[in-house]
Amino acid sequence: MKAVTEGSGGRIANAIIIPMIAVVVLAVACVFGLMIWSSHTSDKSAVSSQQTLLDGAITLKLDQMARQQVGTVVWDQAYFKSANPVLNQPWLFSNVGRWLDDTYGFSRAILISRESKPAFSYDANLVRNWDSPELMNQLEHSVARVRAKYITSFKRTPSGLFRFTADHQTEGRALSENGLVAIDGQIYFFSAAAITQEVHTIAAVRRPPAVLISFQPMNEEALAKIARISGLSQLHYTNAPSDDSAIANIVLKSPKGNTIGYLEWRANRPGTEMLGQVTPVLLILALAIVGLTIGVMDFTRQTTKKLASSQAEAIHTARHDSLSGLPNRSQFSQLLQEALKLPQSETDGSAVVYIDLDRFKDINDTLGHAAGDEVIRAVAARLQAVIPDNGVIARISGDEFAMLLTHCDGQDWVEHILSRIQDQLVRPIRIENNELFVSLSMGAAMAPRDGIDSGELLRKADIALYDAKGNGRGRWSFFDPSMQEHVLAQDKMSRELRRAIDEDALEIAYQPQCDAKANRIVAIEALARWTHPDIGPISPASFIPLAEDTGLINDLGLWVLRRACRDAHRWPDLVVSVNVSPTQFKHPRFVEKVLETLEDFHLPPGRLEIEVTENVFASQHKTILTSMKRLKDLGVKVALDDFGSGYSSLSYLRRFPFDTLKIDRDFISNLDQSQEALAILTTIIHLGKALGMTTVAEGIETREQIAFLSENGCNRMQGYLISRPLGDAALEAFLEDHAMDIAMKLADKTVANAMGELRTAKA
Ligand code: C2E
Ligand code: CA
Ligand code: CA
């Protein structure tokens, strides 16, 4: 069962932990994913803004070129010189090519004539034929646009003439197009501008202009300048882009849109940089989270484990008896119910056995509760040692155990188990220095024979136990329907006894007690009598225990006490002895009741004697002692009845101030048979005498007994030999008629003869 609950504890832990791990892993993954994504995004946007900056710097450079060209292309001299069908090459060389080269570093130039033909070219190093048709082809588009711009700048006036409207001065730049081209593997900035007159002109016809194209190499110096403006590092040109993801580039395109190369630089990647800085921190954080999660997981696992085990413990405690460790009553009935769910048959049935420790209360009271607990533990262990695997032993109350046997192969099989249990208790139980002999009474009921309902089986086992105890302890009974009849009969009887008490239908028989020395009746013992209307006289040996069991004893005892006190007035010289059961004596108002009764009937307390058996000391020593002392103080006499019959402990005699010691009838009846009985009897009489108690011998049936007892100093005699218990009228007659007779009998010579015989026998 423990393993099961621990397993379920593990399941609970997993149910919490697995989703927790999933959430943590997901959260960490999300954070990392988000970081990487945002670093990429920010890198991308950084690169794109660097590209924009670079583009801007290039545009700026080209724009600057266009402005620098203005002085040359918006110039009447240049205009007229370039309009001339035959170009003045030296003039162009020095005033345009060389001048722009010297002034602005435009190391190359081409002049496209009005007829759209390359008409002049300049190279700082005097290289020839660099103005290849391919280059022209590349530039063709830009040149065309410049020419178109120029043409469209002439607006028709109302007079039909054309006025040139472009304003170089305010715009600060020529009518130009610019861009990049590659010449022999070198990238050049170029600006193509229309050559125009300095002042606004009016023309009759619109004619295309000559176009001057200036080139400036994108060399180290130029790149350094651009890099400075755009704030980029390691800017350089390449014709094949790098694979390195840390390198960003822009594509350089010719005016026709052909890729002519790339500008590369070490990209500024703030996202990656941030990721680089944050990743270690994040890793530490993630590790911390993982550590924490593991810690929490472990804690959770431990806690749930503890919870489960304490739950299991609580369940175990709830289902078990703490003293013996055996299952308790509720667990037993649950197990029984479960067992009875299985099909039951004569050869494969179940048995319920109630097991009761005989006289356990006495052990508890004489040796103390600790010893009682030891006995319970020892008995529990011995029971467990013999029950088969398919059996369960439970402790269901103080001294009661219950056994469940399943898969029973008939009553013989169960009886075999029961005999083994009895065998276990043949060995005494050692407690400290005492050896205790314990016996068990057992009552069994079997399914399906006696029923298949757990309540019914338990009830029947209880009836069987009752039967076992009733027939003498230390044995077992199997339930039999007649037992039930017996129980029902008992029930009926107790109701009838109740009625008899209520209706004053009981009677009292008085048995005289004779003083051994004075030979006269000094006391009478009141004995309850019940004559059942149908059955006839019923023995007190049956109805007194019945009254004890059903709680009627208090009323019955009180009835006897009152009747005896009432009758006592008829025999003013006699002490009336009344039997009081332990239950009655323990009643908190018992002494008050006695007092009330004495007052009600004006009886001097000294004329009442209360007889108790030693069972009265089975518990509550202190209150018993108090009640007893109060009775004594009142003057009521107290007698210890049936002395020597039970667990007689001499210590009672020392601790409680009895007036009278009534020796049990068994000692008297055994007198003739054993030397031992003689020895014990004389000891008891001497003991009583030593303690200052009056000794009474009861059950005297023979003269031999009476002779022996009086010789040994016993004070009072009671028994059939003197008189049977008598009704009040008969008692009166007996006292009157036979008082003298008794005296005579006691003095009779036959007694002396008997004594002589007894002595010879002893010798
Ligand atoms: P007990 O107190 O020991 O009473 C003596 C019993 O011995 C009486 O039995 C009496 O009839 C019987 N007896 C007297 N002399 C002889 C004899 O020579 N030989 C034999 N064989 N027996 C003799 P009884 O009246 O049947 O009472 C049985 C028990 O019932 C009493 O034992 C007493 O314990 C109980 N009892 C009787 N009346 C009352 C009562 O009013 N209250 C209580 N609590 N118990 C009572
Ligand atoms: Ca008695
Ligand atoms: Ca007695």
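The lining of the second largest pocket holds six nonpolar, five charged and no polar residues. Ala, Val, Leu, Ile, Met, Phe, Trp, Tyr, Cys and Pro count as nonpolar, Asp, Glu, Lys and Arg as charged, and the others, Gly among them, as polar. The model is predicted: local features need pLDDT of at least 70, side-chain atom pairs need 80 or more, and totals for linings use all residues. Residues are numbered from 1 along each chain, and side-chain values use heavy atoms, without hydrogens or water.

The pocket has 11 lining residues; Ile 521, Asp 573, Leu 574, Leu 735 and Glu 736 lie nearest its centre. Here a pocket is an open set of points on a 1 Å grid over the protein atoms alone, where a 1.4 Å probe fits, with protein on both sides within 12 Å along at least five of seven lines; lining residues have an atom within 4 Å of a point. Helix H23 (residues 728-747) gives the most to this lining, with four residues. Helices are DSSP runs (H or I, at least four residues), numbered from the N terminus.

Next, the packing. Helices H12 (residues 454-470) and H13 (residues 481-502) have axes 9 Å apart, at an angle of about 80°. Axes are lines fitted to C-alpha atoms over the stretch in contact, and angles run from 0 to 180 degrees between N-to-C directions. H12 and H13 are therefore roughly perpendicular (65 to 115 degrees). Their contact has five nonpolar, three polar and three charged residues.

The axes of H10 (residues 369-386) and H11 (residues 410-424) come within 9 Å and cross at roughly 140°. That makes H10 oblique to H11.

Conventions: Chains lettered and ligands numbered in written order. Helix = DSSP H or I, 4+ residues; strand = E, 2+ residues; numbered from the N terminus. Parallel < 35°, antiparallel > 145°, perpendicular 65-115°, else oblique.
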